[in-house]
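User: I'm new to this one and would like a close look at a single part, a strand inside the sheet. Could you walk me through what sits around that strand?

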Amino acid sequence: MPCSASIILPVINETFSLRQTVDIIETENSADIAEYVIVICQKTTPQSLAVISELEQKYKNKVTVLKQTLPFLGGAVRDAFNICRGSHIVMMASDLETDPHLVREFIQLAGANPGTIVTATRWKTKGGFAGYNILKLAFNWVFQRTFSILYHTRLSDMTYGFRIFPAGLVRSIQWEELRHPFLFETVIKPLRLGTKVIEIPTKWETRKEGESQNSFFRNFIYFRTGIKTLFYTKEKILAKHINEPQTSKQA
Ligand SMILES: Nc1nc2c(ncn2[C@@H]2O[C@H](COP(=O)(O)OP(=O)(O)O)[C@@H](O)[C@H]2O)c(=O)[nH]1
Ligand SMILES: [Mg+2]
């Protein structure tokens, strides 16, 4: 099945990392990419905005710049979900902590496996972490093991926000989280609906510019998201109305 992917790129303080992300994806997948939805907010730096203008010039109407209305990272991605026009949606970062070279494999696997989510894992052989805080790493491992048992899944990395979704699935779900736990919500709700999820390994490397918008103590909120969703009915997970993509909501 052919795949036309919408790539969501939230941006706060990335410059060369954003440029490299788009250039690599475009070089390796041009024909399969419907659009790049770059999501900005008041915190997006002037340096990042300059790179975004450059990308708009270079890739013309393949780039849409969306000014988010909902707050934080989850809000940025949720706003983008509503305007994506592709058959599939790629959720990733623009700080190179999500390897743009992996998008090729995402698209190929998504095309070959209709209705499934393809997601990246840092916890399987050939994956890994470079420059990840040791305390965060231990916490992450315990968290992954706990929730793979609770959700009866073999998935090894449910909190890493690097995945490709069928667009229809994304629009059929009632999303709730606004901050980073949204990344976790995007896999546990589909799992509860019975969606198949395929994992592929990737090496994670810490960003070379800017800093994260997440704080260590906020990581504990992920537990609440995971436990709460475990007890939801399918009806509660599904959106009341399925929104079709809106048009021309450009910044
Ligand atoms: N537009 C927008 N982008 C965000 C926001 N928070 C994070 N990002 C971007 O989303 C990506 C992932 O966020 P990051 O803070 O690096 O999270 P971490 O890697 O999980 O620590 C980065 O490219 C950020 O610049 C936000 O509130 N709005
Ligand atoms: Mg990051």
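Analyst: Let's start with one pair of residues: Ile-7 has Tyr-36 as its bridge partner in E2. Strands here are DSSP runs of E with at least two residues, helices are runs of H or I with at least four, and both are numbered from the N terminus. Keep in mind that this is a predicted model, where local features need pLDDT of at least 70, side-chain atom pairs count only at pLDDT 80 or more, and totals for chains, interfaces and linings use all residues. Residues are numbered from 1 along each chain as its sequence is written, while chains are lettered from A and ligands numbered from 1 in the order in which they are written.

Back to E2. Strand E1 (residues 5–10) runs parallel to E2, and six bridges join them; two strands count as paired if DSSP finds at least two bridges between them. To get from E1 to E2, the chain passes through helix H1 (residues 16–29) in a right-handed β-α-β crossover, meaning that the path from the first strand over the helix to the second runs clockwise when the strands point away from the viewer. Then helix H2 (residues 46–59) carries the chain from E2 to E3, again in a right-handed β-α-β crossover.

How enclosed is E2? Six of its eight residues are buried, so the rest of the structure largely encloses E2 (buried means 20 or more other C-beta atoms within 10 Å of the residue's own, with C-beta atoms placed from the backbone).

E2 belongs to an open sheet of seven strands with mixed pairing, in the order E3-E2-E1-E4-E7-E5-E8. Strand E3 (63–67) and strand E8 (197–201) are the edges, each with a single partner strand, so one side of each has no neighbour in the sheet.

H3 gives the most, with three residues. The shell has 20 residues, and Pro-10, Ile-12, Ala-93, Ser-212 and Gln-213 come nearest, where near means a C-beta atom, placed from the backbone, within 6 Å.

Terms used. Buried ≥ 20, exposed ≤ 12 C-beta atoms within 10 Å, placed from the backbone.
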